[in-house]
Amino acid sequence: MMERPISWPQDDVRPLPLERIDERLCRYRLQDASWERKMVQSLERYGQMSPIVVCLHEEAYVLIDGFKRLRAARTLSGITQLQARHIEVDQQGAKAAIYNLNRIGQRPQELEESWIVHALVREDGLSQVEAAQLLGRHKSWVCRRLAMLERLCEPAKEELRLGLLTPAVARQLTRLPRGNQLAALQTTREESLNCRELSRVVDLLLASSTKEQTEFVLSDPRRALRQADESFTHYWDPRMSVEGNRIGKRLALLLDCLAKMHSWLKYQGRGALQACDREPLVDGFRRLVQEAALVSEASDDFVNELNLP
């Protein structure tokens, strides 16, 4: 039986029986079967190469670092104890140590970091600034880790935990309301969107003001992105005459107005108007139909002329 931890000097390494190691903090670390198999092989071949780290809490040796080594040791019949290093930290310090002891090497994954931040802020009552100082990070980093856990819908959170969802994709999903995240995730999978494409799709979803717009973006995201990229902006072109640049600028303005009008007619239209708006606008839209037809015909003739040898 080991002496009481109170006489165990800080950072001193001593053997600790496996049955006396408390794993209550394992909920802040992901389990990876492949890494644990490698750890079993390493223990069998080389033995324990570095000590686990524990602290004393409620007269228990609480494990802070070495969860894979402990689980691997418990599968091997010849190992009954592990070399352990004792550090003196409180509950908050223990959670911070889980993060800080792993910043070099196999650093915690973002979900693990989020679990630790959430525990410090929501369970222990630290402010985001205090949690940032304890973890040696900026407040914005703490804010992002909280958002990862609190804004992400449960199915996406579970996929992140299982490694089926990348943190980069999860960050984009947290920009959306929870009710839209699952649909966006499904679209990402079906269309094989990369993170940059997903970021732009999220921008379009956030800008969508109607159900029809949202459904269009989700059903055909790449087409929606192409349409968003089709805006024509004219800059002064030194190869062109003054008149050519003037027409180019006018053309850009016209195309922009037409694109906005087309979007309004397709996705909003009558539903966006009140009864008093309709009659005064009828004549204007009738004229638009006529003028658009004339401009379309004249433009077609002009393009054909430009294409002549």
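**A patch and a helix**

Helix 13 gives the most to the nonpolar patch, with 6 residues. This is a predicted model, in which local features need pLDDT of at least 70 and side-chain atom pairs count only at pLDDT 80 or more, while totals for chains, interfaces and linings use all residues. Residues are numbered from 1 along each chain as its sequence is written, and side-chain values use heavy atoms, with hydrogens and water left out.

The patch lies on the surface and is formed by L251, L254, L255, L258, M261, L265, L288 and V295, which together have about 610 Å² of accessible area. Helix 13 (242-267) and helix 14 (275-306) each supply at least two of its residues. L288 has its place in helix 14, and it is partly exposed, with a relative accessible area of 32% (buried means under 20%, exposed over 50%, and partly exposed in between, with a 1.4 Å probe and protein chains only).

Helix 4 (residues 110-123) has 14 residues and reaches 19 Å from its first C-alpha to its last, close to the 20 Å expected at 1.5 Å a residue. Because 11 of these 14 residues are buried, helix 4 is largely enclosed by the rest of the structure; among the buried ones are L111, W115, I116 and L120. The buried residues of helix 4 pack against helix 3 (91-100), helix 5 (128-135), helix 6 (139-150), helix 7 (154-162) and helix 8 (167-173). Just after helix 4, G125 takes a positive phi of about 80°.

Notes:
Helices (H or I, at least four residues) and strands (E, at least two) are DSSP runs, numbered from the N terminus. The expected span of a helix is 1.5 Å times one less than its number of residues. Contact means heavy atoms within 4.5 Å. Patches are made of residues with over 30% relative accessible area and no salt bridge: like charges are joined within 9 Å, nonpolar side chains (Val, Leu, Ile, Met, Phe, Trp, Tyr) within 5 Å. Accessible areas come from the Shrake-Rupley method with a 1.4 Å probe; for residues, only the protein chains shown count as cover. A salt bridge is a side-chain nitrogen of Lys or Arg within 4 Å of a carboxyl oxygen of Asp or Glu.
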